[in-house]
Amino acid sequence: MLPEEVLRQAAAEMMDYQGTGESVMEMSHRSKEFKKIIDQAEQDLRDLLEIPDNYKVLFMQGGGNQQFAAVPMNLMKNGVADYIVTGQWAKKAAKEAEKYGKVNIIASSADKTFSYIPDCSDLEVSEDADYVYICENNTIYGTKYKTLPNTKGKTLVADVSSCFLSEKHDVTKYGLLWGGVQKNIGPAGMAIVIIREDLIREDVMACTPTIMNYKITADNGSLYNTPPCYNIYICGLVFQWMKRMGGLDEMKRRNEEKAQILYDYLDQSKMFHATVEPDSRSLMNVPFVTGDKELDAKFIRESEAAGFINLKGHRTVGGMRASIYNAVPREGIVALVEFMKKFEQENA
Ligand code: PMP
């Protein structure tokens, strides 16, 4: 979900962006108007996250899966990396990285269907690991790291796609954090990479496509080729919206309040149950089940008819999942809980 305010602004500017006589969709990426859009978007993101000057911000096409490959290609120097597998996306990232080097799985929560985040305070980090990789918020399973792993001095790389800008990330704790923008920030198909400058290397793997090379992307200000201009423009509008709303502390406050309403109900319901252990729960993705597949299916049918869309759990896990990203208003959660209460009464 994107903020309605942003969609309205985009609609109003669709035919004529600020008196230019053209849509951002039609604009040359080399024009001064677009340069202003991309520079402003980067600056607003830097302000929101307080990104230190020694980190670069890269706008890259290709979404999340492309970063699964770009990370090892650009960062593997010894050809070794440690991955912590807490769900499908971390697993896929590890599998992709195996094409380019040696991957050690140093922790996993597969033993309990990824319903928790493992203790990462004292892991056996490989001596020669170029980085330790995590997926910080597990979109499908609804878990989130409350404490970042102790990487024992190794570079931390995090996929923050589904918690991006849901609260403040302390950028200095990561060597690289990247997120697909399609959850909290903008249209699908793009990822934002925030990388510490010393990790940007010239001698990346020979197989690295030019378009996935962090150095080339950084040296060209994300304009090596024609970038997804319209995506960048929408991301920029969302950053401005976040600033107007009070920044990331306010996003966090709202997200905690929203999630609490739903988890509180789930924890006392006799019908619906949250599937994630309390200390690993995501603020963004809330999976739940009734324990009865037919009842789940009935709930999904009836909730959809009542206007609650996308409540079906991921196709690989079933059940239900409420994705309550930044732009979902508190009233939306309250209405969902009211609907669930009514369903529980009617089907007791
Ligand atoms: N990482 C996470 C945490 C995700 O949730 C997703 C997609 N939902 C991806 C990676 C993959 O992103 P994409 O579909 O853009 O390749």
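Start by selecting Gly 175, which sits in the loop between S7 and S8. (Helices, H or I of at least four residues, and strands, E of at least two, are DSSP runs numbered from the N terminus.) You're looking at a predicted model, where local features need pLDDT of at least 70 and side-chain atom pairs count only at pLDDT 80 or more, while totals for chains, interfaces and linings use all residues. Residues are numbered from 1 along each chain as its sequence is written, and side-chain values use heavy atoms, with hydrogens and water left out.

Gly 175 is buried, at a relative accessible area of 1% (buried means under 20%, exposed over 50%, partly exposed in between, with a 1.4 Å probe and protein chains only). Show what surrounds Gly 175: leaving out residues up to four places away in sequence, Gly 175 touches Tyr 55, Thr 155, Leu 156, Ile 194, Ile 195, Arg 196 and Leu 199 (contact means heavy atoms within 4.5 Å).

Next, pick Ile 194 from that list. Beyond its neighbours within four places in sequence, its contacts include Leu 45, Leu 49, Phe 164, Val 171 and Gly 175. Ile 192 and Ile 194 have the most contacts inside the largest nonpolar core, a set of 54 residues. Such a core joins buried Ala, Val, Leu, Ile, Met, Phe, Trp, Tyr and Cys through side-chain atoms within 4.5 Å. H6 gives the largest share of this core, 11 residues. Another core, of 29 residues, lies apart from it, with Val 193 and Ile 195 among its members.

Now colour the sheet. Its seven strands run in the order S1-S9-S8-S7-S4-S2-S3, open and with mixed pairing (two strands pair if DSSP finds at least two bridges between them). S1 (55-61) and S3 (102-108) are the edges; each has a single partner strand, so one side of each has no neighbour in the sheet. Zoom in on S7 (156-159) and S8 (176-180), which run parallel and are joined by three bridges. Ala 158 has Leu 177 as its bridge partner in S8.

Last stop: H6 (229-245) and H7 (247-268). Their axes come within 7 Å and cross at roughly 80°; axes are lines fitted to C-alpha atoms, for helices over the stretch in contact, with angles from 0 to 180 degrees between N-to-C directions. Select Trp 241, Met 242, Lys 243 and Met 245 in H6, which meet Gly 247, Leu 248, Glu 250, Met 251 and Arg 254 in H7.
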